[in-house]
Amino acid sequence: MQTLSCRVVNNQQLTWYGGNIHTYSGGFTNNPAATFTISLSCCNSYLGGRDRRMNLQGATASFDNYGLVTTSASSDVGHIGIPFNNNGTVTTGGQALYIS
């Protein structure tokens with residue numbers, strides 16, 4: 001688990017490979033022309049039989065998308081559990097994406 005207390009700003013390419021990120025007072029900004037990829041398939045052997053869901057959580061955090069948010073081809077589930085403000089594009093490459 002990683003704890004985020006500041007905002008991460010992506011201006012190019014960022015890939016989230018696995019693990020929980022708790023965004024208590026932080027969050028993400030995915031700027032125009034930037035790509036945020038959720039890719040869980042690389043981590044299956046590392047995580048074994050454990051739940052491979054990915055979570056973004058936090059009371060004051062948000063995910064602001066102005067670019068592209070995409071998922072890889074995987075049977076795992078990506079989960080964004082903070083306010084998701086979408087002014088860009090969201091695509092899935094076969095992996096489910098749950099936004100709550």
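Is Thr 71 buried or exposed? Thr 71 counts as buried, because its relative accessibility is 5%, where buried means under 20% relative accessible area, exposed means over 50%, and partly exposed lies in between (1.4 Å probe, protein chains only). The model behind this value is predicted, so to speak of local features takes a pLDDT of at least 70, side-chain atom pairs count only at pLDDT 80 or more, and totals for chains, interfaces and linings use all residues. Residues are numbered from 1 along each chain as its sequence is written, and side-chain values use heavy atoms, with hydrogens and water left out.

Thr 71 is found in strand 9, which covers residues 68-71. Strands here are DSSP runs of E with at least two residues, and helices are runs of H or I with at least four, numbered from the N terminus. Leaving out residues up to four places away in sequence, Thr 71 touches Ile 38, Thr 91, Thr 92, Gly 93, Gly 94, Gln 95 and Leu 97; a contact is a pair of heavy atoms within 4.5 Å. With Gln 95, 24 residues apart along the chain, the C-alpha separation is 5.8 Å. Ile 38 turns up again as the bridge partner of Thr 71.

That bridge belongs to the pairing of strand 6 with strand 9, which run parallel and are joined by four bridges. Two strands count as paired if DSSP finds at least two bridges between them. Strand 6 also runs parallel to strand 3 (residues 13-16), again with four bridges, and here Thr 15 stands opposite Thr 37. As a general point, side chains in a regular strand alternate between the two faces of the sheet. In strand 6, Thr 35 and Thr 37 point one way while Phe 36 and Ile 38 point the other way, and all are buried.

Another set of strands makes an open sheet: four of them, in the order 2-5-8-11, with parallel pairing. Strand 2 and strand 11 (84-86) sit at the edges, each pairing on one side only. From one strand to the next the twist averages 10 degrees, based on axes that are lines fitted to C-alpha atoms (for helices, over the stretch in contact), with angles running from 0 to 180 degrees between N-to-C directions. Strand 2 pairs with strand 5 (residues 27-30) in the parallel sense over four bridges, and Gly 27 is the partner of Arg 7 in one of these.

The whole structure holds one salt bridge, meaning a side-chain nitrogen of Lys or Arg within 4 Å of a carboxyl oxygen of Asp or Glu. The partners are Asp 64 and Arg 7, whose closest N and O atoms are 3.5 Å apart. The link spans distant parts of the chain, with Asp 64 in strand 8 and Arg 7 in strand 2, 57 residues apart. Asp 64 is buried at 13% relative accessible area, whereas Arg 7 is partly exposed at 36%.

Asn 10, in strand 2 (residues 7-10), counts as buried at 8% relative accessibility. The side chain of Asn 10 makes a polar contact with the side chain of Asn 30 at 2.8 Å. A polar contact is a pair of N or O atoms within 3.5 Å; within protein, one must be able to donate a hydrogen and the other to accept it, and residues adjacent in sequence count only if both atoms are side-chain atoms. Asn 65 is in strand 8 and is buried, with a relative accessible area of 0%. The side chain of Asn 65 reaches the backbone nitrogen of Gly 67 at 3.1 Å and makes a polar contact with the side chain of Asn 86 at 2.8 Å.

Next come the aromatic rings. A search of the whole structure finds five aromatic pairs, where rings of Phe, Tyr and Trp (its six-membered ring) pair if their centres lie within 6.5 Å; planes under 30 degrees apart count as stacked, over 60 as edge-to-face and the rest as tilted. Phe 36 and Phe 63 have ring centres 5.1 Å apart and planes at 80 degrees, so this pair is edge-to-face. Phe 36 in strand 6 and Phe 63 in strand 8 (residues 63-65) are 27 residues apart, and both are buried. Together with Trp 16, Phe 28 and Phe 84, they form one aromatic cluster.
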